[in-house]
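Good morning, and thank you for coming. I would like to walk you through one structure, going from a charged pair to the packing of its helices.

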Amino acid sequence: MRGDLMDDRERHEAGMGVRRQVLGDAHVDRAVAGTDEFTADFQDFITRYAWGEIWTRPGLDRRTRSCITLAVLATLHHDEELAMHVRAALRNGLTPAEVGEVLLQVGVYAGVPAANRAFKVAQQTLRQEAG
């Protein structure tokens with residue numbers, strides 16, 4: 001257990017800060033602007049727990065967390081989230097070559113079809129980011 005236990009408000013604030021650093025202000029601003037009564041609890045949940053609890057932990061750096069996230073999203077075929085996290089990985093200091101290395105690892109442990117699909121998503125995303 002972490003010694004720096006935060007209350008929900010602090011966790012939300014910390015999570016929003018990391019979320020903005022990793023995903024960028026434009027992405028987070030769009031997500032916040034699209035929040036309504038139906039999605040408010042979910043947005044609060046992911047901000048507090050995914051970003052405020054997990055991504056703020058000191059045990060792994062953001063580059064490593066990005067690698068893990070890319071591998072899991074690729075394995076589970078979550079293409080939209082994968083594209084978002086390819087961009088986040090670049091923000092966290094991964095190179096396109098390192099993104100490719102993560103996806104090669106997916107090919108060995110999750111299967112060639114998962115990696116093939118993920119490479120297509122990553123290739124398109126990297127081209128968009130470069131252009």
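A salt bridge, as the term is used here, is a side-chain nitrogen of Lys or Arg within 4 Å of a carboxyl oxygen of Asp or Glu. The model before you is predicted. How many salt bridges does a search of the whole structure find? The search finds nine.

Let us take one of them. Asp8 and Arg48 form a salt bridge through their side chains, with 3.2 Å from N to O. Asp8 belongs to helix α1, residues 8-23, and Arg48 to helix α3, residues 40-54, so that the pair links distant parts of the chain, 40 residues apart. In general terms, side chains of opposite charge can pair when their charged atoms come close.

I turn now to the two helices that carry this pair. The axes of α1 and α3 cross at roughly 80 degrees and come within 7 Å. The helices are therefore roughly perpendicular. On the α1 side, the residues that meet α3 include Asp8, Arg11, His12, Met16 and Arg19. On the α3 side, they include Asp44, Arg48, Tyr49, Trp51 and Glu53. By class, this contact comprises eight nonpolar, five polar and six charged residues.

Next, a record. UniProt, in an unreviewed entry, lists residues 41-123 as "domain: Carboxymuconolactone decarboxylase-like".

Consider helix α4, residues 62-75, and helix α5, residues 79-91. Their axes lie 9 Å apart, and the helices pack at an angle of about 160 degrees. That angle is why α4 is described as roughly antiparallel to α5. Their crossing is left-handed. The contact involves Ser66, Thr69, Leu70, Leu73 and Ala74 from α4, and from α5 residues including Glu81, Leu82 and His85.

The last pair is helix α6, residues 96-109, with helix α7, residues 112-130. Here the axes cross at roughly 165 degrees and come within 8 Å. These two helices are therefore roughly antiparallel to each other as well. Which hand does the crossing of α6 and α7 have? It is right-handed. Among the residues that meet are Pro96, Val99, Leu103 and Leu104 in α6, and Ala118, Phe119 and Leu126 in α7. This contact has 12 nonpolar and two polar residues, and no charged ones.

Thank you for your attention.

Conventions:
Residues numbered from 1 in each chain as written. Predicted model: local features only at pLDDT ≥ 70, side-chain atom pairs only at ≥ 80, totals over all residues. Heavy atoms only, no water. UniProt positions renumbered as here; feature names shortened; annotations may be inferred. Axes fitted to C-alpha atoms, helices over the stretch in contact; angles between N-to-C directions. Helix = DSSP H or I, 4+ residues; strand = E, 2+ residues; numbered from the N terminus. Parallel < 35°, antiparallel > 145°, perpendicular 65-115°, else oblique. Left-handed = near helix turned anticlockwise from the far one by under 90°. Contact = heavy atoms within 4.5 Å. Nonpolar A, V, L, I, M, F, W, Y, C, P; charged D, E, K, R; others polar.
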